[in-house]
Amino acid sequence: MRKSLKKRINMHLRQPADSADSISKKKALPSVRKRIPRRFIGVGSVKISDLEKRYVAAVLDHNRLSYGYYTNRFERAFARAHKVRYALFCNSGTSALQVGLHAMKKKYGWKDGDEVLVPAVTFVASLNTILQNNLTPVLVDVDPIYFEMDPMGAEAKITKRTVAMMPVHLCGCPCDMDRLVDIKEQYKLKMIEDSCETMFARYRGKPVGSFGEVACFSTYAAHILVTGVGGFAVTNDQEIAVTIKSLYNHGRDGIYTNPDDTKRGSLNQLFAIVSRRFNFIDVGYSYRATEMESALGLGQMRRYRQIIAARKRNARALTRVLRPFSDYLQLPSKRNGAEHVFMMFPMVVKDGVDRDELILYLEKQGIETRYLLPLTNQPVYERLWGHIEDDYPIAKHLNRNGFYIGCHPEMSFEDFDYVAEIFSRFFSIR
Ligand SMILES: Cc1ncc(COP(=O)(O)O)c(C=O)c1O
């Protein structure tokens with residue numbers, strides 16, 4: 001750490017009551033200087049309800065850990081909430097994206113090297129799953145307010161080889177779907193929504209996940225539904241749904257999806273299943289989830305409206321307590337026509353504020369932070385494509401100045417007061 005940075009952080013951290021030196025500082029500073037107990041505010045949290053515990057216990061009691069009653073009900077409930085026909089639960093958002101793209105590549109006859117538009121600010125999994133499918137990710141710079149794929153930038157990157165776009169609904173905020181869907185239709189592209197950070201949110205009344213041919217969600221820690229690991233690929237297309245289900249199950253013949261398939265139907269159907277259930281028709285993956293994740297997820301589906309309401313309420317509270325620092329911080333905005341469900345509370349420091357100095361101070365005070373999904377400066381992509389960061393100026397700005405803190409349902413009024421106090425201490429010493 002640079003010496004001056006260390007000195008400045010220590011200065012921020014010093015509590016006035018700790019030393020004689022602090023007393024003189026106390027006089028100099030206008031804001032509250034009383035000692036407050038340290039708290040911990042994580043970027044996510046998980047609180048398992050009694051219902052979820054009962055569901056998990058029931059799974060264990062019934063000795064059925066692979067696809068069964070809970071996964072089936074979780075999938076149906078999730079599909080209903082997003083107004084899609086099929087929701088297929090697998091073991092991560094990343095695996096959902098990988099099999100989703102693979103199924104699209106197969107159905108639409110895409111060739112290796114065909115291009116997929118993807119924003120220059122997202123989690124690495126968006127990009128990696130394009131690469132893992134032997135497709136070419138074409139990065140599009142983002143807009144500076146919502147940090148999502150800029151439609152004009154996307155249109156400018158379309159070539160003869162562009163087959164699809166992957167808008168990423170970041171931080172809980174749907175993308176500019178009016179314009180992206182227009183471009184998709186005008187250029188006859190397909191769309192896979194990476195909605196791993198955004199669930200249940202609507203854009204002009206239509207749920208995220210229902211705009212493209214496929215959409216993917218994550219239920220990893222700190223997401224909107226939390227099942228440990230897990231993810232959904234959703235679609236309205238039966239052929240794609242069958243392929244996805246086969247692909248995450250080793251590429252197995254779609255006639256057999258789980259042990260219940262052999263318990264119903266005629267003798268002829270049973271024969272068909274028995275004779276084909278060990279047929280493998282694609283080079284697939286082992287990406288199945290278990291009934292325990294589904295039991296947690298199904299339990300949370302019962303209270304997802306409360307989860308979303310709590311996140312929105314928390315975002316309002318954080319905005320209120322942080323607004324006094326808007327000379328220093330760009331606070332999150334709600335896109336016109338979109339419902340923001342705040343998987344996190346993203347911010348961008350303004351000119352003159354050292355982002356790393358601020359987040360180190362927050363971390364030391366127990367407020368967890370993360371960078372705002374820097375992508376274009378990752379060593380792995382530098383190795384593949386050289387120095388690309390300068391080609392995406394807004395992404396570069398966010399790589400250097402963006403960060404987020406938590407906005408999860410377990411946050412309390414005391415947490416908001418604490419956030420206000422800690423930011424106030426940081427900025428009042430500047
Ligand atoms: C935008 C985005 N895409 C994909 C993923 C991958 O999800 P998972 O961690 O479940 O694989 C994440 C995870 O946080 C994400 O934020």
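Visitor: What makes the largest nonpolar core a core, and which of its residues touch the most other members?

Guide: A nonpolar core is a set of buried Ala, Val, Leu, Ile, Met, Phe, Trp, Tyr and Cys residues joined through C-beta atoms within 7 Å. Here that set has 112 residues, and Phe232 and Ala233 touch the most other members. At least three residues come from each of domain 1 (3-46 + 304-428) and domain 2 (50-301); such bounds come from an automatic or database domain assignment. This is a predicted model, in which local features need pLDDT of at least 70 and side-chain atom pairs count only at pLDDT 80 or more, while totals for chains, interfaces and linings use all residues. Residues are numbered from 1 along each chain as its sequence is written.

Visitor: Why is Ala338 called buried?

Guide: A residue is buried if 20 or more other C-beta atoms lie within 10 Å of its own, exposed if 12 or fewer, and partly exposed in between, with C-beta atoms placed from the backbone. Ala338 has 21 other C-beta atoms within 10 Å, so Ala338 is buried. Its place is in the loop between strand 10 and strand 11.

Visitor: Which residues is Ala338 in contact with, leaving aside its neighbours within four places in sequence?

Guide: They are Cys173, Pro174 and Tyr203. Contact means that the C-beta atoms of two residues, placed from the backbone, lie within 7 Å.

Visitor: What makes strand 1 (residues 86-90) mostly covered?

Guide: Five of its five residues are buried. Tyr86, Leu88 and Cys90 point one way from the strand, while Ala87 and Phe89 point the other way. Strands (E, at least two residues) and helices (H or I, at least four) are DSSP runs, numbered from the N terminus.

Visitor: How many bridges join strand 10 and strand 11?

Guide: Strand 10 and strand 11 (residues 345-349) pair over two bridges, in the antiparallel sense. Gln330 stands opposite Val348 in strand 11. Both strands belong to an open sheet of four strands, in the order 10-11-13-12.

Visitor: Why is one side of strand 10 left without a neighbour in that sheet?

Guide: Strand 10 (329-330) and strand 12 (370-371) stand at the edges, each with a single partner strand, so one side of each has no neighbour in the sheet.

Visitor: Which residues come nearest to the ligand?

Guide: Ser92, Gly93, Thr94, Phe123 and Ser218 do, out of 14 residues around the ligand. To be near, a residue needs its C-beta atom, placed from the backbone, within 6 Å of the molecule. Helix 5 (93-108) and helix 6 (124-132) each supply at least two residues of this shell.

Visitor: What covers the buried residues of helix 6?

Guide: Helix 5, strand 2 (115-119), strand 3 (136-140) and strand 5 (190-194) are among the covering elements. The buried residues of helix 6 are Ala125, Ser126, Leu127, Thr129 and Ile130.

Notes: Two strands pair if DSSP finds at least two bridges between them.
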